[in-house]
Amino acid sequence: DDLDYAPYRKVFTGYIEDFTVTRTSFSVSAQDKRKSLSRQLPVNRFTVADYADLNENSVDKPKPIAWGAVRGAPCVCLDEDGAPANYSFMFLDTTYHPANALTAVYVDGEAVAVAASDLSAGTFTISSANYSPGQEVTADFTGFEDDYGNPITNGLDVILDILESYDSKSFINENFNI
């Protein structure tokens, strides 16, 4: 109590991750500031509240996210338990960015025609003549695009996009060594 604060110097900056208290000791588990950059992806999941005819096997599956060229990505049927004329599928979660391009769709490995697609929603539809519930549907596409309509493909741009979009970390000196 009798020491001045001025002679003290900072030797560590971080986060207290966990601590333990017993009758005889106090233990602290600390992490450096890089721990604040941790985030589990993807964050959004399929729910029956969003898609009423979603098959129970797809409930709580993570919505897919992707950057750059993607080939053979599995797609989720949004109305498999219904009986629509055209079945709807999601190939990309477009919460933060639209998809750049949808190039091909396959049902059990065979290319099929797409009845309609919506890049801003990351979805497409296939005629019920080309799909039966339970078949495997995959797609080739180009993932997220930036504000100028260009695909995000550079690794550093992908990292920056993940931190800005999914963890609200701005590109400023406090968060990045710029």
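Strand β6, residues 99-107, is joined to β10 by seven bridges, and the two run antiparallel. Strands here are DSSP runs of type E with at least two residues, helices are runs of H or I with at least four residues, and both are numbered from the N terminus. Two strands count as paired if DSSP finds at least two bridges between them. The model is predicted, so local features need pLDDT of at least 70 and side-chain atom pairs count only at pLDDT 80 or more, while totals for chains, interfaces and linings use all residues. Residues are numbered from 1 along each chain as its sequence is written, and side-chain values use heavy atoms, leaving out hydrogens and water.

The pair β6 and β10 belongs to an open sheet of four strands, in the order β3-β10-β6-β7, with antiparallel pairing. Because β3 and β7 (110-112) stand at the edges with a single partner strand each, one side of each has no neighbour in the sheet. In general, strands of a sheet pair through backbone hydrogen bonds, either parallel or antiparallel. Within this sheet, V107 stands opposite V137 in β10.

V137 also takes part in the largest nonpolar core, which has 24 residues; V137 is among those with the most contacts inside it, as are F89, F91, F124, I126, Y131 and F141. Such a core is a set of buried Ala, Val, Leu, Ile, Met, Phe, Trp, Tyr and Cys residues joined through side-chain atoms within 4.5 Å. Buried means under 20% relative accessible area, exposed means over 50%, and partly exposed lies in between (1.4 Å probe, protein chains only). Strand β10 gives the largest share of this core, four residues.

Most residues other than glycine have a negative phi. D60, however, has a positive phi of about 70°, and D108 has one of about 50°. D60 lies in the loop between β2 and β3, whereas D108 lies in the loop between β6 and β7.
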